[in-house]
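Hi,

Here is the structure I promised to pass along.

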Amino acid sequence: MPKVKIDGFETEVPDGTTILNAARQIGGDIVPPAMCYYSTLKGSGGKCRTCLVKVTKGSEKDPRPMPKLVASCQTTVMDGMEVANLSSEEVLNARRGVVEFLLLNHPLDCPICDQAGECHLQDLSFEHGLANTRYEFERRTFEKIDIGPYIKLHMTRCILCYRCVYTAQQLTPERVHGVIGRGDHAEISTFIEKAIDNDFSGNVIDVCPVGALTDRTFRFKSRVWFLNPMDAHRDCPTCAGKAVVWMYGGEIFRVTGRKDRYGEVQDFICNSCRFEKKGTSDWTIEGPRDIDRHSVVSQNHYEGATLTVK
Ligand code: SF4
Ligand code: FES
């Protein structure tokens, strides 16, 4: 099995593992951010460039460094490879550039955005963003669109990561939306503003790294950091029924999939669990969810305590 060193930490990974996944195996701060890669979605990655790293030694056989920074979600590890992420000023500079680029058209409307507090772009801007913009041109804007009864598309916030497209393609029997247009004209669309309507369509909300796709049953109800995320399950005929219910007192405000430390859903849930089961009697509450992110959500999170909601 190839060995790789990332920022001085060594690990051994199976053949074909990407640098990003090797870094995730090591864990901690050295893991590059990823806005478009999603481990359970085939074909994801390679779009946003936030995961750029520097390969300072190609492999044991060919130790030459790679001439350019590479996308860690797309580059596989070679035996003896050495990679610099946080330890490279060049990488940090490039990441600052990528964040600036992602923010060219993205509005800074975090105070009214439902994704605030769990938005990967917000975290990334906080860590690598500039205080000012150098962009002088008119930003592209779009009308908000309801795509069906449950999902709101706010295209102005989209960073074109394609995750929602892969989710619809791989999780649902019929994909009715995609990216139309290219370059500055590219946008997520259902072509004829058709509803995205099938049992698992709500998962596009969970995979969206920004607030471009939001839950219409939860929009503007509460800031996420005021809610207590609780692991809960129910006997569901359609999905595994394992979810997180976001509670305020004894009330469930929203239901989402359970996400891991990198914000990726562990079990995709069906629309019935997500949008229709908001009563505490619908769920068996297991206890507080451990939110392992630096997000503000975890700041308001009580750990270790258990709570039984009848
Ligand atoms: S709507 Fe969200 S998930 Fe879909 S491409 Fe845009 S940012 Fe990505
Ligand atoms: S996460 Fe690697 S390019 Fe987006």
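Before the notes, one definition: I call a residue buried if 20 or more other C-beta atoms lie within 10 Å of its own, with the C-beta atoms placed from the backbone. Keep in mind too that this is a predicted model.

By that cut-off, buried residues come to 37% of the 310 in the protein chain. On overall size, the C-alpha atoms fill a box of roughly 60 × 45 × 40 Å along the principal axes. The radius of gyration is 20 Å, which agrees with the value near 19 Å that a compact globule of 310 residues would have.

As for secondary structure, the protein chain has seven helices and 14 strands. Five of the strands make an open sheet with mixed pairing, in the order E2-E1-E5-E3-E4. Strands E2 (9-12) and E4 (70-71) sit at the edges; each has a single partner strand, so one side of each is left without a neighbour in the sheet.

Further in, have a look at E3 (residues 52-57) and E5 (residues 81-84), which pair in the antiparallel sense over three bridges.

Cheers

Methods:
Residues numbered from 1 in each chain as written. Chains lettered and ligands numbered in written order. Predicted model: local features only at pLDDT ≥ 70, side-chain atom pairs only at ≥ 80, totals over all residues. Pairing = 2+ DSSP bridges. Helix = DSSP H or I, 4+ residues; strand = E, 2+ residues; numbered from the N terminus. Rg over C-alpha atoms; globule rule 2.2 N^0.38 Å. Buried ≥ 20, exposed ≤ 12 C-beta atoms within 10 Å, placed from the backbone.
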